[in-house]
Amino acid sequence: MNFVSQALHEGGLIPFDKQRGWYCEKVLWWWNWGQAWSVADSLRYWLLSANNAMYIGRWDYSSQSDFNFSLKPGDVLFYDWDSDGTYDHSAIVVVYAKDPDSRINGVLQDQHTTDRKMGNMALKAI
């Protein structure tokens with residue numbers, strides 16, 4: 001999950017917040033990080049509660065089309081794969097374009113778990 005945290009931090013918009021758990025640091029020969037840095041559900045909570053983000057809505061695969069024009073590069077997407085109310089995964093919006101694999105136009109996102117680069121957000125994970 002820390003792929004999105006790394007992207008947000010390296011993008012330069014959000015400084016570390018060690019007190020509230022969003023940080024990553026090298027200590028001698030190991031790495032130390034907070035829960036909000038590495039757990040999708042915690043990152044979502046941290047972003048919303050720290051006024052670093054605004055909730056813009058919930059996307060439902062069965063009732064909407066494969067794009068959402070309100071999303072823009074840098075927006076974070078959260079996925080609840082098993083519909084239990086806990087967000088299991090996150091990705092970051094990179095562009096609105098044609099998915100290089102499916103050839104479907106839509107909001108493309110990068111993620112790490114399934115190593116997708118510029119994947120359509122409407123495509124279900126394998």
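The following legends describe close-up views of a predicted model.

**View 1. Confidence along the predicted chain.** The chain has a mean pLDDT of 76, and 75% of its residues reach 70 or more. Among the elements of the chain, helix 3 has the highest mean pLDDT, at 90, whereas strand 6 (residues 119–120) has the lowest, at 54. Where pLDDT is low, the predicted coordinates should not be read in detail.

**View 2. The buried side of helix 1.** Helix 1 spans residues 2–10, and its buried residues are Val4, Ser5 and Leu8. These residues lie on the same side of helix 1, because the arc that they cover around the axis is only 100 degrees. An α-helix has 3.6 residues a turn, so residues three or four places apart point the same way. The buried residues of helix 1 pack against helix 2 (35–38) and helix 3, and also against strand 3 (76–79) and strand 4 (89–98). After helix 1 comes Gly12, which has a positive phi, near 85 degrees.

**View 3. The nonpolar cores.** The largest nonpolar core comprises 14 residues, and among those with the most contacts inside it are Leu8, Trp22, Trp46 and Phe78. At least two residues of this core come from each of helix 1, helix 2 and helix 3. Helix 3 supplies the largest share, four residues.

**View 4. Ser49 and its polar contact.** Ser49 belongs to helix 3, which covers residues 40–49. With a relative accessible area of 32%, Ser49 is partly exposed. Its side chain forms a polar contact with the side chain of Arg20, at 2.6 Å.

How values were computed: Residues numbered from 1 in each chain as written. Predicted model: local features only at pLDDT ≥ 70, side-chain atom pairs only at ≥ 80, totals over all residues. Heavy atoms only, no water. Buried < 20%, exposed > 50% of the residue type's maximum accessible area, 1.4 Å probe, protein only. Polar contact = N/O pair within 3.5 Å; in protein donor to acceptor, adjacent residues only side chain to side chain. pLDDT = per-residue confidence, 0-100. Arc of directions from axis to C-beta. Contact = heavy atoms within 4.5 Å. Core = buried A, V, L, I, M, F, W, Y, C linked by side-chain atoms within 4.5 Å.
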